[in-house]
Amino acid sequence: MFTGIVEEIGTIVNVQRIGQSANLHISATEVLADAKIGDSIAVDGACLTVRSLSSSAFIADVSAETLRRTTLGKRKPRERVNLERSLRLSDRLGGHLVLGHIDDVATISGWKDEDYSSIMQVEMNAGVQPYIAYKGSVSIDGVSLTIANVYRDVFEVALIPYTKDTTTLGAKSKGERVNVEVDVVARYVETLLLARTRFADKDEEPDKSARLDMEFLAQHGFF
């Protein structure tokens, strides 16, 4: 588990394809200070396990599923990535609870500058739209951000200068793809409330017709 507070920006040294999977070789310093083999490090928001390491780099295995579900499948040597070590129980929770399990790969649809801060606009796919709440939390490439506005198919997040300077988000451009993880609390609330949801067999697609909506909340006395 992570907080979405990026500790440093690392650099991809090499991407070694192994069948449908891969090994990522990433140079870093801060996150390796007390790292050991088997530790978890979030790379652009995706939780990866350290396979081997030195004082200046580490190698992580990336499964075929992770390559499909995140931007890591498209990353190349010399590209920069956000890095964060897993949360310790004694740490301050400066961001929000981030699992490192990416829900969607989204596209940056626009930027707006507001004095010294900026607004990033991100397109929403239908699958994550129910979990994007005004003033709620979202993780973009492993960065904990507050949702500033929500529209039909786009949400906005505000980036202060510190965030732009200490993460890769400040260098992102319109049209680039980013990893999005929604707030895990929203997912658990939906699961608890949707008693009518049908759980699919392993060879079936889940029934997504039963979703949390205003009609469902009214029927169950929430307003």
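1. Start with helix H1, residues 64–69. Arg68 and Glu65 sit 3 residues apart in this helix, so about one helical turn separates them. The two form a salt bridge, with the closest N and O atoms 2.8 Å apart. Arg68 counts as exposed, at 57% relative accessibility. Glu65 is partly exposed, at 38%. Keep in mind that this is a predicted model.

2. Arg51 and Asp61 form a salt bridge, and their closest N and O atoms are 3.3 Å apart. Arg51 belongs to strand E4 (residues 46–53) and Asp61 to strand E5 (residues 57–62), so the pair ties together parts 10 residues apart in sequence. Both ends are partly exposed: Arg51 has a relative accessibility of 47%, and Asp61 has 40%.

3. Arg187 deserves a careful look. Its side chain meets that of Asp103 in a salt bridge, 2.9 Å from N to O. Arg187 lies in helix H3 (residues 184–193), while Asp103 lies in the loop between strand E6 (80–85) and strand E7 (104–114), so this pair ties together parts 84 residues apart in sequence. Arg187 is partly exposed, at 29% relative accessibility. Asp103 is partly exposed too, at 27%.

4. What about pairs of aromatic rings: how many does a search of the whole structure find? The search finds 0.

5. Now the salt bridges as a set. The count comes to 15. Some share partners. Glu7, Glu30, Asp34, Arg85, Arg88 and Asp91 are joined in this way into one network.

6. Where does Gly170 lie? Gly170 is in the loop between helix H2 (161–166) and strand E12 (177–182). Gly170 is partly exposed, with a relative accessible area of 38%. Ser118 is 52 residues away along the chain, yet the C-alpha atoms of Gly170 and Ser118 are separated by 9.0 Å.

7. Finally, the chain as a whole. Its secondary structure comes to 4 helices and 12 strands. The chain has 223 residues, and 42% of them are buried. Take the contacts between residues at least 6 apart in sequence: 64% of these join residues at least 24 apart.

Notes:
Residues numbered from 1 in each chain as written. Predicted model: local features only at pLDDT ≥ 70, side-chain atom pairs only at ≥ 80, totals over all residues. Heavy atoms only, no water. Phe/Tyr/Trp six-rings, centres within 6.5 Å; stacked < 30°, edge-to-face > 60°. Helix = DSSP H or I, 4+ residues; strand = E, 2+ residues; numbered from the N terminus. Buried < 20%, exposed > 50% of the residue type's maximum accessible area, 1.4 Å probe, protein only. Contact = heavy atoms within 4.5 Å. Salt bridge = Lys/Arg side-chain N within 4 Å of Asp/Glu carboxyl O.
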